[in-house]
Amino acid sequence: MTEKFQKAANALDLDEGVLPSCAHLEIFGNRRVLLDGNCEINECGEDLLVLTVGKTTFRFRGRELCLAAFDRQSAVLEGRLSSIEFE
């Protein structure tokens with residue numbers, strides 16, 4: 001469990017097993033998104049990026065989309081976002 005999730009779990013008095021499957025998403029306008037969690041790339045293109053984080057699948061649509069950073073625990077998406085869909 002990441003440090004952010006551990007702090008959230010402690011603050012909310014949640015069991016340790018509750019948060020690991022949750023995705024943490026931070027959106028900075030329509031230009032940048034930070035994702036924290038167990039990340040997997042499903043599809044990657046300049047106008048569509050599909051990521052699964054924990055049990056949630058995100059569809060990012062826009063222009064000039066790219067993964068500025070990626071590892072199994074986090075991802076940084078940059079570009080001109082027009083929509084985000086959750087599944």
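Biologist: How many helices and strands are in the chain?
Modeller: One helix and six strands, where helices (H or I, at least four residues) and strands (E, at least two) are DSSP runs, numbered from the N terminus. This is a predicted model, in which local features need pLDDT of at least 70, side-chain atom pairs count only at pLDDT 80 or more, and totals for chains, interfaces and linings use all residues. Residues are numbered from 1 along each chain as its sequence is written, and side-chain values use heavy atoms, with hydrogens and water left out.

Biologist: What pattern does the chain follow along the sequence?
Modeller: The pattern reads α-β-β-β-β-β-β.

Biologist: And what is the strand order in the sheet?
Modeller: The sheet is open, with six strands in the order S1-S2-S6-S5-S4-S3 and antiparallel pairing. Two strands pair if DSSP finds at least two bridges between them.

Biologist: Which strands are at the edges?
Modeller: Strand S1 (24-28) and strand S3 (39-44), each pairing on one side only.

Biologist: How many bridges join S3 to S4?
Modeller: Five, and the two strands run antiparallel, with S4 covering residues 48-53.

Biologist: Changing topic, what share of the residues is buried?
Modeller: Of the 87 residues in the chain, 28% are buried, meaning under 20% relative accessible area (1.4 Å probe, protein chains only).

Biologist: What about contacts between residues at least 24 apart?
Modeller: They make up 41% of the contacts in the chain between residues at least 6 apart in sequence; a contact means heavy atoms within 4.5 Å.

Key. Buried means under 20% relative accessible area, exposed over 50%, partly exposed in between (1.4 Å probe, protein chains only).
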